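This report describes selected packing and backbone features of one protein model. The sequence and structure are shown first.

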Amino acid sequence: MPAVPGKAVLQKARDILDCFDSHTKELGVNELARRSGLPRTTARRLAQELVACELLDRSGGRYRLGAWLAELGARVPAHRSLRVAAAPYLEELTHLTHETAVLALPGHGEILFGEIYVGSRGRGQVVTLVDGRVPLHCAASGKVVLAFGPPELLAHTLEGGLAPHTRRTITEPERLAAELARVREQGYAVDRQELVEGYGAVAAPVRAADEVIAALSVIAPISRLDVVAFAAAVRRTAGELSRRVGPG
């Protein structure tokens, strides 16, 4: 029986880069090895090569993401043009709701928070509480992508398991299926402390032709989560942005 090939070098390098998140700015070799699942010697060698390529920076024995990654990400044409187009609509959402408005972009099995506009009552708190990317099933914007996206995306999400972020996160496939059916029926999704304790969100899809390319979301403390008002605002604004970026 032929041996199962190991991971390609580029995949291992991606595993190293994937170890970092908004709550973990620097990591040592032991932490990189543990998080990536790679042998320590492999993790050290790849980290050194990524430093040489300016994808990681090194300070002493610790590593952090290199600034060139941000520059590279900013060059992605589809994301760049969408973020530029979305700016006035995010600003409008903050004026309508006085809360934090977010442009969320579908990632590889995750939702990415691409642009964040903080409203007059936000004080930047949500920006620090929420990672730049989260599992699809936890966030209102992620539910939008699951509800209106291809069936294989939901299947892939279920295969990976519905890990809890809070005690209110939906972790049962049947409950998630019922939730997504509700999203499709009403045209928006709601997160009630499923991603961050004490916070909720309402999101609606941004479409180009028949494809959901993003979601607009309003995030607020749960005590100020006005689902009816926020749903009306995000649906209208997301519809306007959809007409701006492509035929509906």
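## Packing of helix 2 and helix 3

Helix 2 (residues 29–36) packs with helix 3 (residues 40–52) at an angle of about 110°, and their axes are 8 Å apart. Helix 2 is therefore roughly perpendicular to helix 3, a term for angles of 65 to 115 degrees. Helices (H or I, at least four residues) and strands (E, at least two) are DSSP runs numbered from the N terminus. Axes are lines fitted to C-alpha atoms, for helices over the stretch in contact, and angles run from 0 to 180 degrees between N-to-C directions.

The crossing of helix 2 past helix 3 is right-handed, meaning that the near helix is turned clockwise from the far one by less than a right angle. Val29, Asn30, Leu32 and Ala33 of helix 2 meet Arg40, Ala43, Arg44 and Ala47 of helix 3, where contact means heavy atoms within 4.5 Å. Five of these residues are nonpolar, one is polar and two are charged. In this classification Ala, Val, Leu, Ile, Met, Phe, Trp, Tyr, Cys and Pro are nonpolar, Asp, Glu, Lys and Arg are charged, and the others, Gly among them, are polar.

## Basis of the values

The model is predicted: local features need pLDDT of at least 70 and side-chain atom pairs count only at pLDDT 80 or more, while totals for chains, interfaces and linings use all residues. Residues are numbered from 1 along each chain as its sequence is written, and side-chain values use heavy atoms, with hydrogens and water left out.

Six strands form an open sheet in the order 6-5-4-9-8-7, with antiparallel pairing; two strands pair if DSSP finds at least two bridges between them. Strand 6 (133–135) and strand 7 (189–192) stand at the edges with a single partner strand each, so one side of each lacks a neighbour in the sheet. On average, neighbouring strands are turned by 30° against each other, direction ignored.

Strand 7 is joined to the antiparallel strand 8 (residues 199–208) by four bridges. Valine 190 has valine 202 in strand 8 as its bridge partner. Helix 7 (residues 140–148) packs on the sheet, touching strand 4 (100–106), strand 5 (110–117), strand 7, strand 8 and strand 9 (211–221), and its direction makes about 40° with that of strand 8. Helix 10 (residues 227–245) lies across strand 7, strand 8 and strand 9, at about 25° to strand 8.

## Positive phi in a loop

Alanine 209 lies in the loop between strand 8 and strand 9. Its phi is near 60°, a positive value in a residue other than glycine.

Conventions: Parallel < 35°, antiparallel > 145°, perpendicular 65-115°, else oblique.
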